[in-house]
Amino acid sequence: MSNIPADLKYVASHEWIRVESDGTVTVGITDFAQDQLGDVVFVELPEVGTDVEVEQDIAVVESVKAASDIYAPLTGKIIAVNEALADAPETVNEDPYGEAWFFKMELANSEDLNTLLDADAYAALCE
Amino acid sequence: MGKHTALYAKHLEANGKIVDFGGWDMPIHYGSQIVEHNAVREHAGMFDVSHMTIVDVRGPDAKAFLQKLLANDVDKLAEVGKALYSGMLNHDGGVIDDLIVYRMEGWYRTVVNCSTREKDLEWMDKQSRGFDISLTERPELAMVAVQGPRAIKIVQGIKTEAADLIGRLKIFQGLPHSDWFFARTGYTGEDGLEIMIPENEVAGFWQALTDAGVKPAGLGARDTLRLEAGMNLYGNDMDETISPLQAGMGWTIAWQPSDRDFIGREALEQQKAAGVTHIQAGLVFESRGVMRSHQKVIVDGVGEGEVTSGTFSPSLQYSIAMARVPAGTGDTCQVEMRGKLVDVRVVKLPFVRNGKKQFA
């Protein structure tokens, strides 16, 4: 059974979203996603400062098995990326909700948060 | 639910992630395929390969039949136990399957792929008409591959009664010991054994190997290991539409004696006379990104080809691939990876043998 923390939000393309106290969001891929991918060997991240549209493919994660696109879960601007993943891609497998966050975003419209799935809804998708 | 090998419960016990593989429920990994891969390169790992199909060929015409059926020549098997790798071709020279054949005491044992079992058996049966032979599948035998620099020593420590026999095995030789069969063969590029075992004894042996520190390894590690070793995977690197001459299998075709009329010979001779348009090559990409099967290969001014198997190499820490490239390809080519053309190096296979990088 994969781990789906109740305090996070999700999208169907298997990214998790944590809403920070300042209204920005932190994004990564779920435990289910890393388990499906298997050993992650490369992570390609977007540039800081890039404006992104919801559902736009903005990052790539490659495992031994397959390459997978990572989508922007919301519209906004990339304000930080996790450079450490370049040297330690295996953290995506080891700690998908902690050390292995992918990027942080400033949202264009905070009301977009209502479009995200809660843990129960996401869990139903992973069945 | 798929078919289960006699080790299925052992795979679950070891947290194997089970996937469908040719109708069998098999472990793809037990946590991390990279860890399993490294265990085989550095120490010892074990694979359940019981899903593979063992077919024994017996009868007065067994040798003549195999000389007709296979592109390689069983006449090369000078002593009992010696093994031979061969393609089994159709009349157009396409590869129906690749297999290993062992010379036994007056008969032969073949091991063919599981995904091709039905068509292989049908083809073998059809071609056997006019030969006085019998074909017998051996589903009651499980098969375990123990591979890695420590593999043979560890098996000798567990199967002490067979330790002498195992110690005498030459590379690519297999011999029986009571109901067991030990072969010094494999699909990893490391030394090791492939062992056929009565089904009811295999779980105990697997447990003994576990206790001796041998790591269970799944289909994922099996694929990265064989790819590093430059060994073909049926269905990826060759199939019925691909000539062995385009799949790096030229060395498995025994052209001499010239009057041995094996199936596919005429087609291969015509291909050779016309000139082979594509050959197999190794590709390496030492930057970020992974080559994958079916990606297009472009050689400027020469032509196009295709990646047949690509992966991230855990031993080398970058992407490697086997590809069909135009004859006349030089030291570099381009691969279309995820919409972008990238420059990659063309190298001679294999990439890794006995834990060491092989190409310059």
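In chain B, 13 residues of domain 1 are in contact with 13 residues of domain 2; contact means C-beta atoms, placed from the backbone, within 7 Å. The model is predicted: local features need pLDDT of at least 70, side-chain atom pairs count only at pLDDT 80 or more, and totals for chains, interfaces and linings use all residues. Residues are numbered from 1 along each chain as its sequence is written, with chains lettered from A and ligands numbered from 1 in the order written.

Domain bounds come from an automatic or database domain assignment.

| Domain of chain B | Residues |
|---|---|
| Domain 1 | 8-48 + 139-228 |
| Domain 2 | 277-357 |

Their centres, taken over C-alpha atoms, are 29 Å apart. On the side of domain 1 of chain B that touches domain 2 of chain B, α2(B) gives the largest share, five residues. Helices are DSSP runs of H or I, at least four residues, and strands are runs of E, at least two, numbered from the N terminus.

Helix α8 of chain B (219-228) has 10 of its 10 residues buried, so it is largely enclosed by the rest of the structure. Buried means 20 or more other C-beta atoms, placed from the backbone, within 10 Å of the residue's own. Leu219(B), Arg222(B) and Glu228(B) are among the buried residues. Just after α8(B), Gly230(B) has a positive phi of about 70°.

The largest nonpolar core has 66 residues. Such a core joins buried Ala, Val, Leu, Ile, Met, Phe, Trp, Tyr and Cys through C-beta atoms within 7 Å. Strand β9 (141-147) of chain B supplies its largest share, six residues.

How values were computed. A residue is buried if 20 or more other C-beta atoms lie within 10 Å of its own, exposed if 12 or fewer, and partly exposed in between; C-beta atoms are placed from the backbone. Two residues are in contact if their C-beta atoms, placed from the backbone, lie within 7 Å.
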